[in-house]
Amino acid sequence: MIILENLRKVYGAAGTVAAVDNVNMAVQEGEVCVLIGPSGCGKTTTMRMVNQLIAPTSGRVLIGGRDTAEIDVVALRRSIGYVIQQVGLFPNMTVEENICVVPRLLGWDIPRMRARAAEMLVMVGLDPGEFLHRFPSQLSGGQQQRVGVTRALAADPPVLLMDEPFGALDPINRESIQEQFLKMQRKLRKTVLLVSHDIDEAVKMADRIAIFRDGRLEQIGTPDQVLTYPVNDFVAGFVGADRTLKRLRRIRVEQVHTGLVFTVGSTVDLQVDAAPGKIHMDDAGRVSGVVVQGRDIGVAVVGMDCDLRVVVSELLRLAVPWLPCVDADGRLRGVISQSAISRYLATPALEGSVRANVEVGHAANA
Amino acid sequence: METLAYMANNLGTIAARTAEHLSIVGVAVTLAIVCGVALGVFIARRPRLAPVVLYAGALVITVPSIALFGILIPLLSVIGQGIGWLPAVIAVYLYSMAPIVRNTYTGLVGLDPALRDAAIGMGMNASQRLWRVELPNAFPVIMAGVRIAVVMNIGITAIAAYIGAGGLGTFISRGITQTDIRQLLTGAVCVSILALLSDYLLLRLQRLLTPPGLKLSVS
């Protein structure tokens, strides 16, 4: 866990400019916390005070309960992974040597370093046989940052600092490396502080978002909290007028769908929020056809683990008020409706009471 | 033709003079590499001091070599070394410092700041940063400075014959005083060949020692 206590950084001879002004916050163990705000808001300065690249004017940073000011600065930095936007791979070293920089500083033996480098490369989807002995100049931008992330994680530090790590990548590369990082993070459970200026990235990556302005922490909360209840006009403006749409990304069908009781292999005849329809199933319970408001829309379904962005997009594309939802094997689980989504978005705290109003008629034979 | 015959008849002397020549340049430049790289590293971390040092270095180069030898005579006479090998080495050393200091400084401050940020952020101390990251990546630029120093000073050392330091310049000074074109040409040709050959060999050395990852980014 990282705790920032009354953290302050003042520049200028008379202490005139407060780059970071009395920031108090905690990052939980295993959590991704995204620091975000317009440029000059103090987010990067705050992050750089965690590994003492910038010395605080006053206040404390505690990692795992220890005041970082009392830890030797070099030892502290070796125990914190560090990823920067410009990657900063050392051009004179191979990929393997780059990954092993911190393990080597820590005095690991060579076989252990070799094994670790190969293992880390596999984790970011690069073939060790092909990449270990390449030089940074022989890698694409996306590959370089994958190696950059690998290098930060090589010595298995509990804490990871990332300064706009994916900011310099093209959108396609960024998307894929973000996904990959989230996948790794689910397994590794590092305590991550990530600086970003991209609210979409924050919504996608963060367990919690901390929004900064003029050196002050304006709001910290889960993406859903920040998007639903911005504390002031600045935060509301920063997250954007389309903040409700942004919330959709972090809500999954599971949280909003209405379960159905039915007989496998039948046709369910139902009314969802007063819109009638039929769902046909095969003998395994897999949806084989959907009719909504008298219109046959084929096998149009959404998965339980889809996010609501996908659902809304499908609802709009098909111009229907609801769709059946299915599990990973395509078996019917329930329905999700436009009005249930609206009600969920309007009253997130009352999750239990927003189900669609479903009346199941007589179950006809398939 | 006469000159060639002269050279052929005096191969032993030419070899001895070349050895003297190289001992002056070699000793002086080696010292200048040690001090110059150290000074370059020192000023690369002190942005206020750097322009002063670089300017002083440029000033030394503007002193004509014959004048510098002249200045050194009374100074070194104190220890009985006013003329000969020592003042030549000192002069060449002084002339070599400027290109080596300048190129070390340029090579280091020209490195991508992200390298420095990453190295510090990952927990390298100052000397690890210098030896593992900064010097290897600045090496081609530093080495270019060494080559400039060597080529320039092979020429300057020829003049050191006038203060009795020996070397290939002896052929030239005798050629002038005895109006002997054969000796004059022998000296001039040998100095040129020595300069070109040294530059070529140092370039080969530079390529050999440059970290492979840097060669790739250049090509």
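Biologist: How many C-beta neighbours inside 10 Å does Ser23(B) have, and as what does Ser23(B) count?

Modeller: The general idea is to count neighbours: a residue is buried with 20 or more other C-beta atoms within 10 Å of its own, exposed with 12 or fewer, and partly exposed in between, the C-beta atoms being placed from the backbone. Ser23(B) has 17 such neighbours and therefore counts as partly exposed. Please note that this is a predicted model, in which local features need pLDDT of at least 70 and side-chain atom pairs count only at pLDDT 80 or more, while totals for chains, interfaces and linings use all residues. Residues are numbered from 1 along each chain as its sequence is written, and chains are lettered from A and ligands numbered from 1 in the order in which they are written.

Biologist: Where in chain B is Ser23(B) placed?

Modeller: Ser23(B) belongs to helix α2 of chain B, residues 11-44. Helices (H or I, at least four residues) and strands (E, at least two) are DSSP runs numbered from the N terminus. From C-alpha to C-alpha, Ser23(B) is 12 Å from Tyr93(B), although 70 residues of sequence separate the two.

Biologist: What does the secondary structure of chain B as a whole come to?

Modeller: Chain B has ten helices and zero strands. Its C-alpha trace spans about 65 × 45 × 25 Å along the principal axes, and 36% of its 219 residues count as buried. Contacts (C-beta atoms, placed from the backbone, within 7 Å) also describe the fold: among those in chain B between residues at least 6 apart in sequence, 74% join residues at least 24 apart.

Biologist: At what angle do helices α4 and α5 of chain B pack?

Modeller: Helix α4 (residues 65-77) and helix α5 (residues 85-109) of chain B pack at about 130 degrees, their axes 10 Å apart. That angle makes α4(B) oblique to α5(B); angles under 35 degrees count as roughly parallel, over 145 as roughly antiparallel, 65 to 115 as roughly perpendicular and the rest as oblique. Among the residues in this contact are Leu68(B) and Leu72(B) of α4(B) and Ile90(B) of α5(B). By class, the contact has nine nonpolar, one polar and no charged residues. Ala, Val, Leu, Ile, Met, Phe, Trp, Tyr, Cys and Pro count as nonpolar, Asp, Glu, Lys and Arg as charged, and the others, Gly among them, as polar.

Biologist: How many residues does the contact between the chains take from chain A and from chain B?

Modeller: It takes 22 residues from chain A and 19 residues from chain B. On the side of chain A that touches chain B, α2 (73-78), β6 (80-84) and α4 (101-105) each supply at least two residues. The residues of that side divide into 13 nonpolar, seven polar and two charged.

Biologist: Which way do the residues of β6(A) point?

Modeller: In a regular strand the side chains alternate between the two faces of the sheet. Ile80(A), Tyr82(A) and Ile84(A) point one way from β6(A), and Gly81(A) and Val83(A) the other way, and all are buried.

Biologist: How many bridges join β6(A) to strand β7 of chain A?

Modeller: Strands pair if DSSP finds at least two bridges between them. Five bridges join β6(A) to β7(A), residues 159-163, and the two run parallel. Ile84(A) stands opposite Asp163(A) there. Strand β1 (residues 2-11) of chain A instead pairs in the antiparallel sense with β4(A), residues 58-63, over five bridges, and Ile2(A) has Ile63(A) as its bridge partner.

Technical notes:
Two residues are in contact if their C-beta atoms, placed from the backbone, lie within 7 Å. Axes are lines fitted to C-alpha atoms, for helices over the stretch in contact, and angles run from 0 to 180 degrees between N-to-C directions.
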